[in-house]
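These are my notes on one chain.

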Amino acid sequence: MNQATPSWRAELHALTQDWLQRIALAADLAGLRELEVASVGKKGDVTALMRRVGTLPPEERRDYGAAAGDVRTQVDQALADRKTALEQAILDAELADDTFDETVPGLLPKRGHPHPLSLVQAEIESVFSSMGFHVLDYPEVESEFDNFEALNIPSWHPARDMQDTFWLQDGHLLRTHTSSGQVRAMQTFAPPFRAVFPGKVYRYEATDASHEHTFHQVEGLLVDRHVSVAHLLDSMRTLLSAILKTDVTVRLRPGYFPFVEPGFELDIQCRVCGGKGCSVCKQSGWLELLPCGLVHPHVLRAGGLDPEEWQGWAFGLGLSRLVMMRFGVPDVRLLLSGDTRFLTQF
Ligand code: DAH
């Protein structure tokens, strides 16, 4: 058998030496990357070696394959070694540079923070959940039934004019108040239950400093046996004292809403003047805070409850207004403006 060294051995050896030398001399990472592509890349020299197996006499193929694989291993190793060396050199140079102080703390990336509406909403939710209320999330796109009919506001009712509505083409609407969740809640939970449902509401109306087409409310609903105005008044005083973090004095004035009977406007005694009268409360000693009332029998029935057995109270808290009072925000339109000059203050 012919033991003579096949001609390709010398060729592979020369090729390997050539690549090892070029790689060792690569001046930077970009240059090294080019060498990598030219050697072991898809169309590289070293990659091409493997494809030559088929052109050799069958008895040489095994040895050739092993030798070509060995070339590949050596070149890969050389590339990896050179890369490590170049990266280390870069690091050494940075550390040797006396204008580079590795003890200076890095720049903290800017982090976001909760929107003032979210801050106050979270506080309110935690007060209510600590008192056994479910916190519910109801749809913003609602049926006419849930937003109006079930709440004792039929289409001919003048109260519809109080809440100009964004209608969708399929007859649904953007909820005009969070009260739209009341009947849903009654249909979902077996009484007695208590729940709050915060969220965005929409009104088709012109905007100014105190009106916005999109704003936030928190609805509260309690259903139980023997619910009375005294119960409502005391619950409101307790809840509002917890939310406002101070003992509040409340009073009720009659207010009209078709879904409550009787309905009220609830005022709290002005905390700036203690009830004596000042510019904040317009000399009245009281601040209007929220509407509320005892759930109308018609609404209980729409929710599948027997008004002879079950009663309830409900309130609608203007979350946007509460945030404005809390932080002294002069214009409701700032809240959803997305203006970072405003938002970064919180
Ligand atoms: N949904 C009413 C509105 O947006 C507010 C309201 C009034 C809610 C009385 C209630 C309530 O739950 O009892 O104008």
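I took contact to mean heavy atoms within 4.5 Å. The model is predicted, so I kept to its rules: local features need pLDDT of at least 70, side-chain atom pairs count only at pLDDT 80 or more, and totals for chains, interfaces and linings use all residues. Residues are numbered from 1 along each chain as its sequence is written, and side-chain values use heavy atoms, with hydrogens and water left out.

Entry on D146.
I looked up D146 and found it in helix α6, residues 144-147. Helices (H or I, at least four residues) and strands (E, at least two) are DSSP runs, numbered from the N terminus. Not counting residues up to four places away in sequence, D146 touches L151, S180, V183 and R184. For accessibility I used these classes: buried is under 20% relative accessible area, exposed is over 50%, and partly exposed is in between (1.4 Å probe, protein chains only). D146 counts as buried because its relative accessibility is 9%.

Entry on rings.
I paired rings of Phe, Tyr and Trp (its six-membered ring) if their centres lie within 6.5 Å; planes under 30 degrees apart count as stacked, over 60 as edge-to-face and the rest as tilted. By this rule I have 12 aromatic pairs. Why is the pair of Y138 and F197 edge-to-face? Its planes stand at 65 degrees, with the ring centres 5.3 Å apart, so it falls in that class. Y138 is in the loop between β1 (134-135) and β2 (141-142) and F197 in strand β4 (residues 193-202), so I noted a link between distant parts of the chain, 59 residues apart. Y138 is buried at 13% relative accessible area, and F197 is buried at 2%.

I then took F166 and Y204, an edge-to-face pair with 5.3 Å centre to centre and 70 degrees between the planes. F166 lies in the loop between α6 and β3 (173-174) and Y204 in the loop between β4 and β5 (214-224), so the pair ties together parts 38 residues apart in sequence. F166 is partly exposed at 27%, whereas Y204 is exposed at 55%. I also recorded a cluster of F128, F133, W313 and F315, linked by ring pairs.

Entry on cores.
A nonpolar core here is a set of buried Ala, Val, Leu, Ile, Met, Phe, Trp, Tyr and Cys residues joined through side-chain atoms within 4.5 Å. The largest has 42 residues, and I124, M236, L240, L266, I268, W313 and F315 have the most contacts inside it. Which element gives the most to this core? I found that α8 does, with 6 residues. I listed the contacts of F315 beyond four places in sequence; among them are F128, V196, M236 and C292. Another core, of 25 residues, lies apart from the largest one and includes Y138, F148, L173 and V223.

Entry on the pocket.
On a 1 Å grid over the protein atoms alone, a pocket is an open set of points where a 1.4 Å probe fits, with protein on both sides within 12 Å along at least five of seven lines; lining residues have an atom within 4 Å of a point. I noted 33 lining residues for the largest pocket, with R203, F215, Q217, P291 and G318 nearest its centre. β8 gives the most to this lining, with 6 residues.
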